[in-house]
Amino acid sequence: QVQLVESGGGLVQPGGSLRLSCAASGRMFSIDAMAWYRQAPGKERELVAGISSGGSTNYAEFAKGRFTISRDNAKNTVYLQMNSLKPEDTAVYYCNAAVTTGQPMIQYTNNYWGKGTLVTVSS
């Protein structure tokens, strides 16, 4: 059983910064790609940033230059540093991870989601 728990959300003023964290726990053989998604009211969930097991990253256009995704494999944690926040960034931010579990000859890779953390950018 794998669980992802996000933290770091909250209320911040426009132009401010937040650092989100997502810690994975449970029996895992390895954590592969990890990513942050977000969903604003009335809108579809969208990718914010992703990071591979090797450290390669990709960002949504709105995140480029403002957000930075990183990971600490020793802590099974992925981070999202968000700077220059805008009201449009207000959303529930979700952590996603591809996790391989099981034994070497019987392994499974599944996608897991956290329950989300709310980020509100407002004056």
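User: Which residue is the bridge partner of D72 in β8?

Analyst: This is a predicted model, in which local features need pLDDT of at least 70, side-chain atom pairs count only at pLDDT 80 or more, and totals for chains, interfaces and linings use all residues. Residues are numbered from 1 along each chain as its sequence is written, and side-chain values use heavy atoms, with hydrogens and water left out. Strands are DSSP runs (E, at least two residues), numbered from the N terminus. Within β8, D72 has as its bridge partner T77.

User: How many bridges join β7 to β8?

Analyst: Two strands count as paired if DSSP finds at least two bridges between them. β7 and β8 (residues 77-82) run antiparallel, and R71 stands opposite V78 of β8. The number of bridges joining β7 to β8 is 6.

User: Which residue in the hairpin of β7 and β8 takes a positive phi?

Analyst: The hairpin has 4 residues between its strands. The positive phi, near 50°, belongs to N76.

User: How many residues of β8 are buried?

Analyst: Buried means under 20% relative accessible area, with a 1.4 Å probe and protein chains only. By that criterion β8 is mostly covered, and its buried residues number 5 of 6.

Note on methods
Buried < 20%, exposed > 50% of the residue type's maximum accessible area, 1.4 Å probe, protein only.
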